[in-house]
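Good morning, everyone, and thank you for making the time. I would like to walk through one model with you this morning, and I will take it piece by piece.

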Amino acid sequence: MSTANRVVITGLGVASPVGNDIETFWKNSEAGVSGIRTIERFDTTPFGCVVAGQVTGLEESPYYRKKYKNIDPCSAMALVAANQALSQAGIEMENSGKSRFGTYVGTGIGGVFTHEATCMKYFERQDDPRISPLAIVQVMNNSSACEIAMRYGFSGESLTVSTACAAGLQAMGEAVWAIRSGRSDLVVAGGTDAPISRPLYSAWHCMRVLSSWDGEPGAASRPFSEDRSGLVLAEGAAFVVLESERHADERGAEVIGYVDGFASNTTHAHMTRPSMEHEVEVMSGALEDAGITTESVDFIHAHGTGTQANDVIETNAIKGLFGERAIDIPVSSGKSMIGHTLGASGMFAMISSLLTLKHGVATPTINLENPDPKCDLNYVPNRSQRLTRSRYAIANAFGFGGTNATAVVSVA
Amino acid sequence: MDRDDIKLRVRTIIQDHLEDEEVEYLENSLDSIRGLGIDSLSFVELIFRIEEEFGLKSDNGFTDEQLYEIATTDDVADLIIAAKNAE
């Protein structure tokens, strides 16, 4: 890879259960603040799970526009996060075509909120079964990418990746390839999902993976814990601006960090069961792509869902790849604080990893008072830890359907 | 139905449909629906919201031909009054 096409990061943005700007997100992540709250949007009685990571105060964000209330929350959060990232990168909203600027978005379930609301309205109004003319463009998975590209006049490649919980990170990885290959100069890339809805909760509940926690909501998400309670769903969006180093240099953009490596593969054996073999392979592939070895990794942001299947297999995969060094590397799960944002989760992991390296502080895995004996790494339990070195970090995202993705990042 | 009341309610929908700065910029011309500068998709969404507000349904909502003729809130009021009188 030529240096000119090295991929730099020039903007970050989030809409999250612990804050709708990077500064608040980092402050709360570093302090171990939980964004998990009791669900009040619908009656959760039938589902056992009463909590979720919920985005609040989005309308108060300076990056929110009034028109966003007329689009799916998945796209509204994506816009708020992308607006932040692009603002930090110094990219203005304008309608002039930017033919080498792209928009890459990952989403697990897209506009499912609008889809459900539309169906409910349709069946409730049999005498006048009309629904909003915007329903189709809100429901389609590429709605978020389109909303962003339209507002900024990006006429380069627009790609929507839908690979469940790996979607956002995989979209970012595809953006890396687009920049490296010279097809794009700049890409806004990220993940978004808004899964806090009644029908979806029913389906997750019947899958028997949702958290059964009935205590204080902030303690519900318990990755790597022996008394884990299951998956805590969450909503959110996390975006970055990527560009070639040459492009950033030419326009004088401030470089925050680098995407040094990326890899993706597929666990082909089962729709939902993770595979240690393929997790080792994808992490190894990302390190190889970055041109580094395991010796240079100083932080791992785990997929860390808080389910039995994930926690143990991911732990074993890290041990399998990093060997004896595994115990020395802080491994954290931000899902303990914000829950599982599905297609956005890998991008939250990536941004957290970057901020961890920048500040030299590993964010904690909270609610880890009783570690699972099968999970015996340093998960940064309950309190953040100062890193001894801040060279490279890796972020993992493993999705239903078998898609695995890992990114390697470093700071400028 | 009272024409002024209809126009007031339509204007409220238009104001809600636009960004605050657009409302401020267009303050004296909000009655000119064709002058709002909204695209065709936004226009049909606006019309849909107006139909919902006044309880117009598939059988008495605006026809495609009528949509082409709408230029102002007065035009909308004419159509709503005619639809309600026909009920």
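Let me begin in chain A, where Asn367(A) is found in the loop between β11 (361–362) and β12 (385–386). Before I go further, please keep in mind that this is a predicted model, and that the values I quote are computed from it.

Asn367(A) has a phi near 65°, which is a positive value in a residue other than glycine. Is Asn367(A) buried or exposed? It is buried, because 28 other C-beta atoms lie within 10 Å, and the cut-off for calling a residue buried is 20 or more.

The loop between β11 and β12 of chain A also holds Asn382(A), which has a positive phi of about 70° although it, too, is not a glycine. Here the surroundings read as follows: Asn382(A) has 13 C-beta neighbours inside 10 Å and therefore counts as partly exposed.

There is another loop in chain A that I would like you to find on the screen, namely the one between α7 (198–207) and β7 (236–244), where Gly230(A) is found. Gly230(A) counts as buried, because it has 20 C-beta neighbours inside 10 Å, and the definition asks for 20 or more. Which residues does Gly230(A) touch, if we do not count those up to four places away in sequence? They are Val209(A), Leu210(A), Ser211(A) and Ser212(A), together with Gly306(A) and Thr307(A). If you take Gly306(A) from that list, you will see that its C-alpha lies 5.7 Å from the C-alpha of Gly230(A), while the two glycines are 76 residues apart in sequence.

Now let us step back to chain A as a whole, whose secondary structure comes to 12 helices and 14 strands. Its C-alpha atoms fill a box of roughly 70 × 55 × 40 Å along the principal axes. The radius of gyration of chain A is 20 Å, which agrees with the value near 22 Å that a compact globule of 412 residues would have. Of those 412 residues, 57% count as buried, and of the contacts between residues at least 6 apart in sequence, 80% join residues at least 24 apart.

The C-alpha trace of chain B spans about 40 × 25 × 20 Å along its principal axes. Of the 87 residues of chain B, 23% count as buried, and residues 24 or more positions apart account for 66% of its contacts with a separation of 6 or more.

How do the helices of chain B pack? I will take two pairs, both involving α1(B).

In the pair with α3(B), helix α1 (residues 3–17) and helix α3 (residues 40–53) of chain B have axes that come within 10 Å and cross at roughly 140°; α1(B) and α3(B) are therefore oblique to each other, and the crossing is right-handed. From α1(B), the contact is made by Arg9(B), Val10(B), Ile13(B), Ile14(B) and His17(B), and from α3(B) by Leu46(B), Arg49(B), Ile50(B) and Glu53(B). Sorted by class, that contact has five nonpolar, one polar and three charged residues.

In the pair with α5(B), α1(B) packs against helix α5 (residues 73–86) of chain B at an angle of about 120°, with the axes 9 Å apart, and that makes α1(B) oblique to α5(B). This crossing is right-handed. The residues in contact are Arg3(B), Ile6(B), Lys7(B), Val10(B) and Arg11(B) of α1(B), and Thr73(B), Val76(B), Ala77(B), Ile80(B) and Ile81(B) of α5(B). By class, there are six nonpolar, one polar and three charged residues in the contact of α1(B) with α5(B).

Finally, how many residues does each chain bring to the contact between chain A and chain B? Chain A gives eight residues and chain B gives seven, and on the side of chain A that touches chain B, two residues are nonpolar, one is polar and five are charged.

Technical notes: Residues are numbered from 1 along each chain as its sequence is written. Chains are lettered from A and ligands numbered from 1 in the order in which they are written. This is a predicted model: local features need pLDDT of at least 70, side-chain atom pairs count only at pLDDT 80 or more; totals for chains, interfaces and linings use all residues. Two residues are in contact if their C-beta atoms, placed from the backbone, lie within 7 Å. Ala, Val, Leu, Ile, Met, Phe, Trp, Tyr, Cys and Pro count as nonpolar, Asp, Glu, Lys and Arg as charged, and the others, Gly among them, as polar. A residue is buried if 20 or more other C-beta atoms lie within 10 Å of its own, exposed if 12 or fewer, and partly exposed in between; C-beta atoms are placed from the backbone. Axes are lines fitted to C-alpha atoms, for helices over the stretch in contact, and angles run from 0 to 180 degrees between N-to-C directions. Helices (H or I, at least four residues) and strands (E, at least two) are DSSP runs, numbered from the N terminus. Angles under 35 degrees count as roughly parallel, over 145 as roughly antiparallel, 65 to 115 as roughly perpendicular and the rest as oblique. A crossing is left-handed if the near helix is turned anticlockwise from the far one by less than a right angle, and right-handed if clockwise. The radius of gyration is taken over C-alpha atoms; the globule rule is 2.2 Å times the number of residues to the power 0.38.
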